[in-house]
Each structure stands twice: as C-alpha cells, then as structure tokens.
Amino acid sequence: MTTTGKLVLNFVKKEAVLCVALLLGVVSMFLVPPDGEYPGYINFRVLGLLFSLMVVMAGLRELGIFDKIAHVMLERADNSRKLYLVMVFLCFFSAMLITNDVALITFVPFTLLLLKMAEMESLAVPLVVYETVAANLGSALTPIGNPHNLYLYTAFEITLPDFFKTMAPITGISAILLLLCMLTVKKEALLAEASKGIKQENGSSEIVIERKGLLSAFYGLTFLLSLLTVLRVLPFWIPFGIAFLGTLLLRRRVLLQVDYSLLLTFVGFFIFVGNMGRIDVVSSLLARLLDGREILVAFLASQVISNVPAAALLSGFTENAGALLVGVNIGGLGTLIASMASLISYKYIVREMPEKKGKYFRYFTLVNLLFAALLLLAAYFWM
C-alpha cells in the first residue's frame with residue numbers, strides 16, 4: 001500500500017463517523033440535486049454554539065483550571081471508596097457544564113496517574129469505567145452537556161424548563177445507581193501523599209500570570225455569552241464571533257484544539273437528513289418506524305453509529321423531541337462507540353495500560369448494558 005493510501009486508511013479509521021456522515025451527505029445529493037433549499041438544511045446556530053463552547057473548554061483546560069479543581073477535591077479522599085465517590089461524581093457533575101468528553105479528557109489521565117502513585121493500578125479498570133458512565137449520564141441534564149443535547153434543544157426549540165423536566169428523572173436515577181455502586185467499593189487506604197505529589201502538567205507554564213488572568217476573563221465572558229445564547233437571549237453569532245476573533249488575537253493555538261471533525265459530521269448529517277426528508281417514501285418509512293418507538297429506535301441506532309449522529313439522523317422524522325432526547329442519552333450507554341466520549345477513556349487505558357484493554361472492554365460492556373437496561377425500563381415507566 002502506498003504512503004498516501006496508508007494516510008487515507010488511517011484517517012478513515014480515526015474519523016469513521018465523519019467519513020460516514022460525509023458519504024451519506026454526498027450520496028443523498030445524487031438523489032436530491034443541490035438547489036436553493038440546501039442552505040436551510042444547516043443549523044448554523046448549533047454549529048456556532050458548539051464552536052464557542054469548544055473554544056472555551058479547550059482554553060480553560062490549557063490553563064489548568066480543571067486540574068486544580070481535581071486536586072482540591074482529592075484532598076478529601078483518603079481511601080479507595082472516597083476516591084471512587086470523588087472522581088466519579090466529579091465527572092458526573094462537571095460534565096453538565098464542560099461536556100462529557102472534556103470531563104473525561106481532563107479527569108481520566110489524572111485518575112490513572114493518581115492510581116499509579118498510590119500503587120493501586122488494580123482499580124483503574126472499574127474506576128475509569130464508572131467515570132465514563134458518569135460523564136455520559138451527567139451530561140444528559142443540560143443542553144450544553146453534550147453535542148446531541150445542544151442540537152435537539154436548538155432544532156426542536158425546546159424550552160429550558162421542558163428540557164430539565166424531561167432529563168431530570170434520568171439524571172436523578174443515574175446518580176442513585178452510581179452512588180449504590182460506589183457504596184459497594186471495598187475501603188482500602190490510599191498513600192497519604194499520593195495526590196499531593198502529582199505534578200500539574202496543564203500546558204500553561206509558559207503563560208505569564210497577567211495573561212492567564214486576561215485569558216480566564218475572556219473564556220468566562222465567552223462562556224457567559226454562550227449560555228445567554230442557549231437561553232435564546234442573544235443570537236449565536238455574538239459568542240461565535242467573540243470566541244473566534246478573541247482566540248485569534250489572544251491564544252490562536254487554542255483554535256487548533258477545536259473538534260472540527262464533529263462540526264463537519266453535523267454538516268454531513270444535516271445535508272443527508274434534509275435530502276431524505278424531501279423523498280416521500282423514505283420520509284414516511286422512517287416516520288412510521290419511529291412513531292411510538294422513539295426511545296428504543298434512538299437507543300439502538302446509537303449503538304451502531306453513536307448518539308450524536310443518531311440524534312441528527314432521526315430528528316427529521318419525528319416530532320416527539322422528549323422521547324428522542326431520552327433515547328439518545330440512554331443510547332450513550334452500551335457499546336464502546338455508542339458515545340464517542342467513551343472512546344476517550346478507552347484510548348487512555350490502551351495507551352497507559354495496554355495489558356488491561358481486554359478486561360476494560362468486558363467490564364465496560366457489562367456495566368453499560370446494566371445501566372442502559374435499568375434506565376430504559378425507568379424511561380418507559382415515566383414517559
């Protein structure tokens with residue numbers, strides 16, 4: 001195979017969901033040739049908000065804000081059960097504001113380093129699995145917790161009270177299940193100085209103190225403007241413009257940390273869904289398939305293509321936004337690809353503890369399927 005061929009193959013493996021989205025979009029263009037309705041497919045508000053929030057989270061992470069929070073929390077953990085409680089619920093609650101993937105990118109490597117220092121690597125697999133489940137479930141509560149929530153919240157113009165009313169039961173039950181699991185953890189003493197000895201490597205050492213203050217204020221302002229946009233107080237182009245221009249002037253390297261593949265994935269699915277909606281046979285078939293089965297269909301679709309594409313794909317064929325929202329959020333549990341954030345944890349395990357990847361995969365699947373089954377039963381009971 002040529003070098004170019006290898007590069008293409010590696011790109012496809014790394015960005016499989018993006019490639020599928022773009023392929024579906026291109027194929028659908030042969031069925032419905034481009035015309036004046038195409039611009040209406042793209043939800044620029046979703047894309048602009050996602051970009052703004054990704055800039056903020058990348059910037060704050062670079063400043064080491066999340067690492068400092070983790071260190072403060074860990075000062076209270078002196079045994080394995082407290083460690084579980086602190087790290088799992090840190091992922092659970094932080095994901096509501098900083099998104100599930102940022103929570104895992106921040107706290108999973110921190111967890112693995114801490115366990116090595118405490119000489120408790122045996123806890124790595126179960127603890128990281130629970131952190132991943134916690135991040136995926138905690139992020140379900142808010143519109144900004146994950147991309148599919150933000151998309152559905154915007155696409156269906158869901159009000160904030162209705163959003164919380166729909167997702168609060170799942171989040172509450174999830175918290176109870178996680179707490180019950182944590183209480184079964186055997187108490188083992190941690191090395192007293194384990195957490196204190198961790199060097200904070202946050203990539204911000206070259207940023208002078210004054211500039212850190214300026215950047216913190218800038219990211220805080222951008223985040224506030226983004227929240228006001230989520231609340232539909234401001235148009236999306238205000239936080240988008242400030243995020244882009246401000247980062248370009250103050251810290252342009254942060255722009256390289258934005259997940260552009262996710263933005264392009266949404267564009268591909270926007271085009272595909274828009275075109276499929278204009279083909280009567282396909283549109284009516286998918287509508288009939290979803291009718292009354294939104295939760296189950298969304299959950300099953302998420303297992304195959306992950307919950308972000310599932311939300312974008314199915315949203316054009318149902319009006320039951322609440323059931324679809326519940327389905328794709330529970331759909332983040334299950335297979336390793338059900339939520340793309342789950343792959344973040346898996347990659348860290350493979351890189352740091354390759355000998356444990358098989359054990360991790362089995363434990364991850366078991367815990368996820370158990371949580372998914374319980375939450376699906378609960379969802380059908382209350383909806």
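Predicted model: local features only at pLDDT ≥ 70, side-chain atom pairs only at ≥ 80, totals over all residues.
1. The largest pocket. Its volume is about 1,500 Å³. The lining consists of 48 residues. Nearest the centre of the pocket lie Asp 101, Asp 259, Ser 261, Met 340 and Ile 344.

2. Composition of the lining. Sorted by class, the residues lining the largest pocket are 30 nonpolar, 10 polar and 8 charged. Helix H17, residues 340-352, supplies the largest share of this lining, with 7 residues.

3. Length of H17. The helix has 13 residues, which at 1.5 Å a residue should span 18 Å.

4. Packing of H17. The buried residues of this helix are Ala 341, Ser 342, Leu 343, Ile 344, Ser 345, Tyr 348 and Ile 349. They pack against four helices: H3 (44-62), H6 (100-117), H7 (124-138) and H18 (357-382).

5. Aromatic pairs, and one within a helix. The whole structure holds 16 aromatic pairs. In one of them, Phe 89 and Phe 92, the ring centres are 5.9 Å apart and the planes meet at 75 degrees; an angle over 60 degrees counts as edge-to-face, so this pair is edge-to-face. The two residues sit 3 apart in helix H5 (residues 80-98), which means a separation of about one helical turn. Residues three or four places apart in an α-helix point the same way, because there are 3.6 residues a turn. Phe 89 and Phe 92 are both buried.

6. A pair between helices. Tyr 346 and Tyr 360 form a tilted pair, with 6.1 Å from centre to centre and 40 degrees between the planes. Tyr 346 belongs to H17 and Tyr 360 to H18, so the pair ties together parts 14 residues apart in sequence. As for accessibility, Tyr 346 has a relative accessible area of 21% and is therefore partly exposed, the cut-off for buried being under 20%. Tyr 360, at 0% relative accessibility, counts as buried. H18 is also one of the helices against which the buried residues of H17 pack.

7. An aromatic cluster. Phe 51, Phe 240, Phe 244 and Tyr 260 are joined into a cluster by ring pairs.

Note on methods. Residues numbered from 1 in each chain as written. Heavy atoms only, no water. 1 Å grid on protein atoms, 1.4 Å probe; cavity = no way out; pocket = protein on both sides within 12 Å on 5 of 7 lines; lining within 4 Å. Points joined across faces, edges and corners; volume = space filled by probe spheres on them. Nonpolar A, V, L, I, M, F, W, Y, C, P; charged D, E, K, R; others polar. Expected span 1.5 Å × (residues − 1). Buried < 20%, exposed > 50% of the residue type's maximum accessible area, 1.4 Å probe, protein only. Contact = heavy atoms within 4.5 Å. Phe/Tyr/Trp six-rings, centres within 6.5 Å; stacked < 30°, edge-to-face > 60°.
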